[in-house]
Amino acid sequence: MTKKIVALAGDGIGPEIMAASLQVLAAVAEKHGFDYQVEEKAFGGAGIDALGHPLPADTLAAAKEADAILLAAIGGPQYDKATVRPEEGLLALRKELGLFANIRPVRIFDALKHLSPLKAERIAGVDFVVVRELTGGIYFGDHILEERSARDTNAYSAEEIDRIVRKAFDIAKGRRKLVTSIDKQNVLATSKLWRTVADQVAKDYPDVTLEHQLVDSAAMLMITKPAHFDVIVTENLFGDILSDEASVLPGSLGVMPSASHSVNGPSLYEPIHGSAPDIAGKGIANPISMILSVAMMLRESFDMVEAAEQIERAVERTLQASILTADLGGKASTQEMTEAIMNYL
Ligand code: NAD
Ligand code: IPM
Ligand code: MN
């Protein structure tokens, strides 16, 4: 049956890297007889410009009907003072689709080792996954801005914590079997509940070790001993910050994909980075984050493990051949890198 993929290119470098990833998807689909159709929809700033809303009704309806969703990036400085922001569309989409589990893998590419600001011995063996809670916490509490005061509320229910921690344990079972739960339980009530629930969940996974860390020292450990981590699970805001910190290890945000899952609806695949307005429109954005998001989609939504691995290997060979975009210290354009990846498929 034809699989329906909704593509949300968004803003800035979004359309450039989306186009690149759809070329790679087409090439892989042909090799594997994957029958699909892509529906492109307005989203983010592009949704505001075309239809006055960052998540137009028609875009949301298509996303709900999709078998999977690809999202490139949204946002830009032109919306900084606008009444509606592109980011609101992203948060609304995550909430509407119930995408509570955001999986952000962090691995080092051999060919990029020299780009890491950390010494070779520190990044050797780095391979972990950040499991970020995506539909709760301070992102979705009240945001009250008054003239001389402001407050944001952070709330989590035990059920919300339970399901994301379980997700982390399920992933850890197929890996090194270490879950690091990161919180701020020396200050926050939500973190105290987080720890209690994580301890309860751990009882159902006797073969997986659970450790707890405070977010401040965990941020330090991610630099001093990043190979320690296997599966990190943490709340929405800490996960946002720690995953950008983690992107420094492989050398660029431009190589970091992600997957977001709900209980039983369509999953969404997107780079962890933003719309990179500083390089938009120049044809030099790194498409690997989006291309690896397509690989995650093939594996996790369509069970096409071989096709996913084929893309991942092609990306590695391209990097080994030193076909590198500017963020990786090279001169290749987005299109040159994309073509190289397709040649190595
Ligand atoms: P950013 O992630 O867009 O960029 C940070 C830096 O990384 C920039 O120097 C950029 O050029 C570089 N970079 C990011 N992706 C790259 C790629 N694929 N290739 C080469 N270089 C790349 O973060 P920012 O500048 O803080 O945010 C810009 C806008 O993006 C803001 O409006 C923000 O809200 C939005 N944003 C959106 C998402 C998303 O769509 N999921 C995520 C983060 C930020
Ligand atoms: C991300 C982004 C978003 C977030 C922004 C754009 C709302 O930074 O996907 O990591 O904070 O979740
Ligand atoms: Mn972020």
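Guide: A polar contact is a pair of N or O atoms within 3.5 Å, and within the protein one of them must be able to donate a hydrogen and the other to accept it, while residues adjacent in sequence count only if both atoms are side-chain atoms. The model above is predicted, so local features need pLDDT of at least 70 and side-chain atom pairs pLDDT 80 or more, whereas totals for chains, interfaces and linings use all residues. Residues are numbered from 1 along each chain as written, chains are lettered from A and ligands numbered from 1 in the order written, and side-chain values use heavy atoms, without hydrogens or water.

Visitor: How do you know that aspartate 278 makes a polar contact with ligand 1?
Guide: A polar side-chain atom of aspartate 278 lies 2.8 Å from an oxygen atom of ligand 1, and this distance is within the 3.5 Å limit, so the pair counts as a polar contact. The side chain of histidine 273 places an N or O atom 3.2 Å from a nitrogen atom of ligand 1, and asparagine 286 brings a polar backbone atom to 2.9 Å from a nitrogen atom of that ligand. The protein buries 70% of the 810 Å² that ligand 1 exposes when taken alone (areas by the Shrake-Rupley method with a 1.4 Å probe; for residues, only the protein chains shown count as cover).

Visitor: What makes a residue count as near ligand 1, and how many residues surround that ligand?
Guide: A residue is near a molecule or strand if one of its heavy atoms lies within 4 Å of it. By that rule 21 residues surround ligand 1, and the closest are Ile74, Glu87, Gly274, Ala276 and Asp278.

Visitor: Why is arginine 94 called buried?
Guide: A residue is buried under 20% relative accessible area, exposed over 50%, and partly exposed in between (1.4 Å probe, protein chains only). Arginine 94 has 6% relative accessibility, a value under 20%, and therefore counts as buried. This arginine lies in helix α4, residues 86-96, where helices are DSSP runs of H or I with at least four residues and strands are runs of E with at least two, numbered from the N terminus. Its contacts (heavy atoms within 4.5 Å) include Arg104, Arg132 and Glu270, once residues up to four places away in sequence are set aside.

Visitor: Why is arginine 104 also given the name buried?
Guide: Its relative accessible area is 3%, which is under the limit for buried, so the name applies. Arginine 104 sits in strand β4, residues 101-107, and beyond four places in sequence it touches, among others, Arg94, Arg132 and Asp240. Its side chain is joined to that of asparagine 102 by a polar contact of 2.6 Å.

Visitor: Why is lysine 177 called partly exposed, while serine 322 is called exposed?
Guide: Lysine 177, at 31%, falls between the two limits and so is partly exposed, whereas serine 322, at 54%, is over 50% and therefore exposed. Lysine 177 lies in the loop between α6 (158-173) and β8 (178-183), and serine 322 in the loop between α11 (305-320) and α12 (334-344). Although not a glycine, lysine 177 has a positive phi of about 65°, and serine 322, likewise not a glycine, has one of about 60°.
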